[in-house]
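Keep the viewer open as you read.

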Amino acid sequence: MSGRAPEDDPVESADAPSEATGPAVPGQPADRWYDDEAGPMVRLFSLTRGRTRPAGDGYFDLISMVSARSAADRDPLLPEPVLDPEHQAILDLCADEPLSVAELGSYTDLPVSVVRVLLGDLDDAELIDVTRPVPLAELPDEHLLREVINGLRAL
Amino acid sequence: MASAHSDGTAGTAGPGGPTGEAGNRLPGGISLKILVAGGFGVGKTTMVGSVSEIRPLRTEERLSEAGRPLDDLVGVEGKDTTTVAMDFGRIDLRPGLALYLFGTPGQDRFWFVWDELARGSLGAVVLADTRRLADCFPSVDFFEQRGIPFVIAVNCFEGTEVFAAEDVRSALDLDPEVPVLLCDARRREDSRDVLVRLVEHAAARRRVG
Ligand SMILES: Nc1nc2c(ncn2[C@@H]2O[C@H](COP(=O)(O)OP(=O)(O)O)[C@@H](O)[C@H]2O)c(=O)[nH]1
Ligand SMILES: [Mg+2]
C-alpha cells in the first residue's frame, strides 16, 4: 500500500496516473484531472481522503455481499474512474458472482479494514452493488430458518 | 448510493417475505452467519473446514493496540496495530442463500472482533474439550450475556473419557434449554448435525420470543 498516505496531494503523489490524465484543470477541484480524450477523471482513492465509514454501521459487514456493476448499469454522466490495481482486483473477483467482504479480504490478501476503504471508493463511484445481511433482530423469519435447516440437512 | 439493502423495507416488499421471490431479486442474495467459538485448539477451524464447501479461508482485521478495529488506512502501517486472523467457510444452501461460518479468534483480547462477528449472527457453536472444559467459559458467558442462541458441542478427541452430555451441562451450569451434543469436528455429518441443532434451537427461541 505504498504511496497512499492520505495526506498526499493526489496531483503530486507518486502513483498519480499523470500520463493518462495530464495536469489538473485550473478552477477544478484538486482531485479531478482532465483528459482530452476521455473527459473529466476522478482518481478513486482521492474520494476517500479524510473520510471514513463508521465500522459499526454494518454497510460493509463481513458478510455484506458485493457484486461488480456492469458498465451498462452505470450512470453514463459519471466521470470515468481511475482504478488502482486493488480496486480492479476487487471488481474482477466479484464480477461474475457476489462475494462477501470477508471473501474479498481473503482473496486479495488485504486486511478487512483496507478492503472496506476500497469498497467505499467503488461504492461512491457506483461500480458495485452492496447487499447487507439480513438483520435478524428485526426479522424473526421462521420461514428463512426452516430453509436453512433443510439446506443443512441436505449437505 | 449503489446499494440494495436486505433490510426490512426491501425484504418485506414482496409476497413471501425476504426468502420468497423478493429475496431472490436482491443482487447479492441472503447471507447469514454462525460463529464457532471455544478455546485454543478445540477444533474450531476443523469444524469450519469439515462442513464448508471450500477449504477454510482466512481474513485479517487490523486493530489498534487497544483492540479497536481500524476502519481507515490511517495507521495501517503503524506499529501500534495488531492483526487478528479469522478463519471462515461458506456453505451455499441454495443459489442466493449463503451461510458463513466464522471461527472466533482468541478469547482474551479481541472482544471488538467478537462483537462485530456476533452482530446479526444466527447463533453460535461453542466447542468444548472435556479435558479443558474451563476454556469455553468465556465463550458461554459472551453468548449468554448477549442473548445469542448457542449450543455446546463437545469435541470428542480420542483417548478422552466420553462424558455424558448431562455432565457437561451441569459442569457449565447451562440453562436447561441449551442443547449439548457430542461430536467429532472432523466429521462432516457431525458438524452438520451440530449446525442443524443450533438453527432449530434459534428457531425455537424466536417462537418463544
Ligand atoms: N482426534 C481429534 N482431533 C481433532 C478433532 N477436532 C480437531 N482435532 C485436531 O485438533 C487440532 C486443533 O484443531 P483446530 O481446528 O486447529 O483448533 P482451533 O484452534 O479451535 O481452530 C488439529 O490438529 C485438529 O486436527 C476431533 O474431533 N478429534
Ligand atoms: Mg483455528
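In which helix does D190(B) lie? The answer is helix α7 of chain B, residues 188-208 (helices are DSSP runs of H or I with at least four residues, strands are E runs of at least two, and both are numbered from the N terminus). Before going further, some ground rules: this is a predicted model, where local features need pLDDT of at least 70, side-chain atom pairs count only at pLDDT 80 or more, and totals for chains, interfaces and linings use all residues. Residues are numbered from 1 along each chain as its sequence is written, chains are lettered from A and ligands numbered from 1 in the order written, and side-chain values use heavy atoms, with hydrogens and water left out.

Back to D190(B): is it buried or exposed? It counts as buried because its relative accessibility is 17%, and buried means under 20% relative accessible area, with exposed over 50% and partly exposed in between (1.4 Å probe, protein chains only). Setting aside residues up to four places away in sequence, D190(B) touches C183(B) and D184(B) (contact means heavy atoms within 4.5 Å).

Beyond its neighbours within four places in sequence, E116(B) is in contact with residues of both chains: L62(A) and R116(A), plus K33(B) and E61(B).

Now for the greasy part. The largest nonpolar core has 56 residues (a core is a set of buried Ala, Val, Leu, Ile, Met, Phe, Trp, Tyr and Cys residues joined through side-chain atoms within 4.5 Å). Helix α5 of chain A, residues 112-124, gives the largest share of this core, six residues. Among the residues with the most contacts inside the core are L119(A), F102(B) and I152(B). Leaving out neighbours within four places in sequence, I152(B) is in contact with residues including V126(B), V140(B), L174(B) and P179(B).

Finally, look at ligand 1. It is surrounded by 15 residues, and G41(B), K44(B), T45(B), T46(B) and N155(B) are the closest (a residue is near if one of its heavy atoms lies within 4 Å). Helix α3 of chain B, residues 44-51, gives the most to this shell, with three residues. A backbone N or O atom of G41(B) sits 2.8 Å from a ligand 1 oxygen, and one of G43(B) sits 3.0 Å from a ligand 1 oxygen.

Definitions and conventions
Polar contact = N/O pair within 3.5 Å; in protein donor to acceptor, adjacent residues only side chain to side chain.
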